[in-house]
Amino acid sequence: MPQEITVPSVPDRSGAARAVGIGCAALVAVPLLLVLALVGWIAVVTKDPSDFPRVAPEEMAGRAVERSQEAYGVLGFTRVIEPGVEEVGVSPENTLASDSCYRGGLTDETVDGVYRVSHGWALDDVPAGQAVPGLRRLHAHLKDSGWDVSSYRKDASGDWSLFASRSDGDERVSFHYFADRRYFTGGASTPCALDPAWRQGDDEPTGDGLRPPVFGPPAA
């Protein structure tokens, strides 16, 4: 009787091959999509001077002071503060500063001629009975005025802080009350803008050296 010979079956690897092929394609496609997304993100975020409004530093400084004055009035303060500061963190303050603005994306490059102005003020000898109710009023006022309040809190040491922004975070205000020192500080910063008078070779940041007016509550 002839011996029956059994031929071992060969597994069908076509499905596995297709799966491997699809997997490899996916591995190639995912990094490619990430690269394309990253390139698109950089293209959107990275900015040039033409992407900013053309506004003189003096005008932006005026806007920052107006924001501070509005808050100062809501807080209920009435003292008048002369320009400058004798001792930072101790004495009354009324100062302006200008900072450079950045291109964004993956770079840390500044944009030529583009700046941001901030106004800072401070009062000494402020009792908690005046500061805390004032901050409560200001918190409500900012929310009602369309500001996004990112933080409003009292910490373990008894100090208070309030932060808010608007215009996609480009315009900001901040306030601190240091209970142990009875010291209150406030500040406002403007969105970035291009100085129309800036020329290649000018000092950076543009607008540095601005001097604020005498500061107090807004005029009635």
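Visitor: Does Asp125 count as buried or exposed?

Guide: This is a predicted model, and the values discussed are computed from it. Asp125 sits in the loop between S3 and H3, and its phi is positive, about 55 degrees, although it is not a glycine. The cut-off for the exposed class is over 50% relative accessible area. Because the relative accessibility of Asp125 is 52%, this residue counts as exposed.

Visitor: What is the average pLDDT of the protein, and over which residues is the pLDDT below 50?

Guide: The average pLDDT is 83, and 77% of the residues score at least 70. Residues 17-30 have a pLDDT below 50, and beyond near neighbours in sequence this stretch has 1 contact in the model. A further stretch below 50, with 4 contacts beyond near neighbours in sequence, covers residues 32-44. Where pLDDT is low, the predicted coordinates should not be read in detail.

Visitor: In what order do the helices and strands run from the N terminus?

Guide: The protein has 3 helices and 8 strands. From the N terminus on, their order is α-α-β-β-β-α-β-β-β-β-β.

Visitor: Which residues touch the most other members of the largest nonpolar core?

Guide: Elements giving two or more residues to this core include helix H3 (128-144), strand S5 (160-166) and strand S6 (171-178). H2 gives the most, with 7 residues. Phe175, for its part, touches residues that include Leu75, Leu138, Trp160 and Phe184. Of the 33 residues in the core, those touching the most other members are Trp121, Phe175 and Phe184.

Visitor: Which parts of the protein does the disulfide tie together?

Guide: The structure holds 1 disulfide, which joins Cys101 to Cys192 with an S to S distance of 2.0 Å. At -95 degrees about the S-S bond, this link is left-handed. Cys101 lies in strand S2 and Cys192 in a loop, so the pair ties together parts that are 91 residues apart in sequence: S2 and the loop between strand S7 (183-189) and strand S8 (193-194).

Visitor: Which residue has its backbone oxygen 2.5 Å from a polar atom of the side chain of Ser98?

Guide: Ser98 is found in strand S2 (residues 93-102). Its relative accessible area is 5%, so Ser98 is buried. Leaving aside neighbours within four places in sequence, its contacts include Tyr115, Arg116, Pro205 and Asp208. The backbone oxygen lying 2.5 Å from a polar atom of its side chain belongs to Thr206.

Visitor: Among contacts between residues at least 6 apart in sequence, what share joins residues at least 24 apart?

Guide: The protein has 220 residues, of which 34% count as buried. Among its contacts between residues at least 6 apart in sequence, the share joining residues at least 24 apart is 65%.

Conventions:
Residues numbered from 1 in each chain as written. Predicted model: local features only at pLDDT ≥ 70, side-chain atom pairs only at ≥ 80, totals over all residues. Heavy atoms only, no water. Helix = DSSP H or I, 4+ residues; strand = E, 2+ residues; numbered from the N terminus. Buried < 20%, exposed > 50% of the residue type's maximum accessible area, 1.4 Å probe, protein only. Polar contact = N/O pair within 3.5 Å; in protein donor to acceptor, adjacent residues only side chain to side chain. Contact = heavy atoms within 4.5 Å. pLDDT = per-residue confidence, 0-100. Disulfide = S-S within 2.5 Å. Core = buried A, V, L, I, M, F, W, Y, C linked by side-chain atoms within 4.5 Å.
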